[in-house]
Amino acid sequence: MKPERQTYRDHRIEVRVPEVTSERERAADSAEEQPKPDLLIDDTPIPYGQLPDGSYYLQDYAYDSRRDLMDLARGYLDHRADAAEILADRKRRGGG
Amino acid sequence: MGLRKNYRDLTASEKTRFVEALHHVKFWGVVQRFADEHGSHFDHGIHRSSHFLPWHREFLFRFELELKKKHPEVTIPYWNSSIDQSPADPLWSSTFIGQFDSGWSLRRVLGSTVVSLPSPSTVEANQARATYDTFWRELESRIHDSPHTWVGGVMATTLSPGDPVFYMHHCWIDQLWARWQLSHPNVPFGTGLNDPLMGWPDRTPAHVLDHYALGYTYDTPLASFRSANYPARYLRHRNFLGELTEVSSEGDRRDATFRVVPGLADPGAVSLAATNFSNHYLRHQGFRLKLQPFSGDDLFKADATFRRVAGLSDSTKTSFQSVNHPTHYLRHRGFSLYLDTGSDSLFRSDATFQRTNSLW
């Protein structure tokens with residue numbers, strides 16, 4: 001996976017690939033056992049995992065798995081924004 | 001045998017029992033233990049795998065056993081999210097599942113617009129899948145996933161069993177699997193039948209295929225319908241046509257037994273599905289009643305959907321009003337079934353049926 005960065009809905013999303021520094025890591029790298037990239041939103045690490053079909057999921061947004069980590073992060077931000085709007089609207093209308 | 005029901009059909013005391021049992025297992029740390037177990041195995045073959053359904057069946061079974069420690073009669077009720085799609089539904093009442101939101105810090109949203117809850121026609125189309133592999137894949141991704149996100153908060157995370165509605169949602173998913181199994185009795189499970197379920201090395205899918213053997217059943221209503229003016233005769237299909245006959249053989253009884261499911265075109269109405277032909281429904285076509293396989297098109301859905309109204313000749317009984325020809329009703333004539341309109345007394349009697357326990 002390549003490092004990638006973008007701004008979406010005023011949030012910074014970054015896929016950060018750890019640098020390979022030692023011989024052992026270089027060997028692992030060549031053996032395709034690459035270290036897992038980090039996903040960050042606004043510099044905060046976002047825990048994620050990979051399902052048997054190869055798609056990624058987030059621990060806090062686990063049921064919208066996608067093949068592309070960056071796309072998944074954008075989906076998560078859409079979900080967060082949507083949830084905030086629904087809850088704010090409910091509060092405005094006097095609900096819980 | 002425990003009976004798992006739609007939550008809407010719970011009696012007041014059954015609701016109280018379920019809520020009390022949930023508080024009990026929460027107090028003793030069981031809810032957290034189940035949530036942690038689910039979270040730790042989340043990407044270890046319990047999702048996006050043929051073990052998705054059997055693993056969750058075993059998981060619910062074990063949770064239900066914990067609930068029974070408080071109330072031995074309790075069973076997990078189900079939430080059918082293809083029907084109950086509003087935050088105003090009684091499911092979320094503060095006297096029922098709503099009370100856990102603030103009490104258990106669940107951060108529910110209810111009504112996420114980034115996903116759509118499954119529709120009844122998506123569910124019925126899924127029931128028609130011919131192999132286990134095509135069935136579970138679609139059931140998981142197109143029916144199971146979105147309710148998690150729609151509820152939001154804890155339910156949208158890998159620790160979703162921390163929200164009690166997780167169990168009600170998965171109870172419905174399990175019921176859909178049980179229904180599919182019933183209508184596909186000879187279809188093999190496929191890969192992994194005898195492989196251990198994650199976290200339970202002594203349990204495999206083969207151990208949970210038969211949910212009756214686990215000690216529970218579902219309330220999916222089966223019913224038969226007796227003619228009001230020829231009470232020895234029942235509404236049935238024969239050679240894929242609707243008829244009204246007396247019933248004697250085992251085959252007759254099956255032909256005269258239907259699954260009463262939410263209407264394919266209107267979930268507030270009903271459709272009548274055969275119990276002996278997978279995914280076949282009673283529909284009208286050319287004003288004749290026929291048994292045909294679900295095709296998915298809108299005309300089929302409308303032709304197979306009827307409103308249950310008070311019987312035209314006897315209000316304690318039932319008449320079936322067509323949703324796309326609302327002046328027409330299902331009636332028998334010459335012991336065949338038609339969609340017809342009329343007002344005389346013979347018409348009203350021919351269009352009136354008494355629901356009975358299922359003959360099969």
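## Contacts and overall form

Among contacts (heavy atoms within 4.5 Å) in chain B between residues at least 6 apart in sequence, 64% join residues at least 24 apart. This is a predicted model, in which local features need pLDDT of at least 70 and side-chain atom pairs count only at pLDDT 80 or more, while totals for chains, interfaces and linings use all residues. Residues are numbered from 1 along each chain as its sequence is written, chains are lettered from A and ligands numbered from 1 in the order in which they are written, and side-chain values use heavy atoms, with hydrogens and water left out.

Along its principal axes, the C-alpha trace of chain B spans about 65 × 45 × 40 Å. Of the 360 residues of chain B, 57% count as buried, meaning under 20% relative accessible area with a 1.4 Å probe and protein chains only.

## Aromatic pairs

Over all chains, the structure holds 34 aromatic pairs, that is, rings of Phe, Tyr and Trp (its six-membered ring) with centres within 6.5 Å. The rings of Y63(A) and F42(B) have centres 5.6 Å apart and planes at 80 degrees, so this pair is edge-to-face (planes over 60 degrees apart). Because Y63(A) lies in strand β7 of chain A and F42(B) in the loop between α2 and α3 of chain B, the pair joins two chains; both residues are buried.

F306(B) and F320(B) also form an edge-to-face pair, 6.4 Å centre to centre with 85 degrees between the planes. F306(B) counts as buried at 1% relative accessibility, and F320(B) counts as buried at 0%.

Note on methods:
Buried < 20%, exposed > 50% of the residue type's maximum accessible area, 1.4 Å probe, protein only. Phe/Tyr/Trp six-rings, centres within 6.5 Å; stacked < 30°, edge-to-face > 60°. Helix = DSSP H or I, 4+ residues; strand = E, 2+ residues; numbered from the N terminus.
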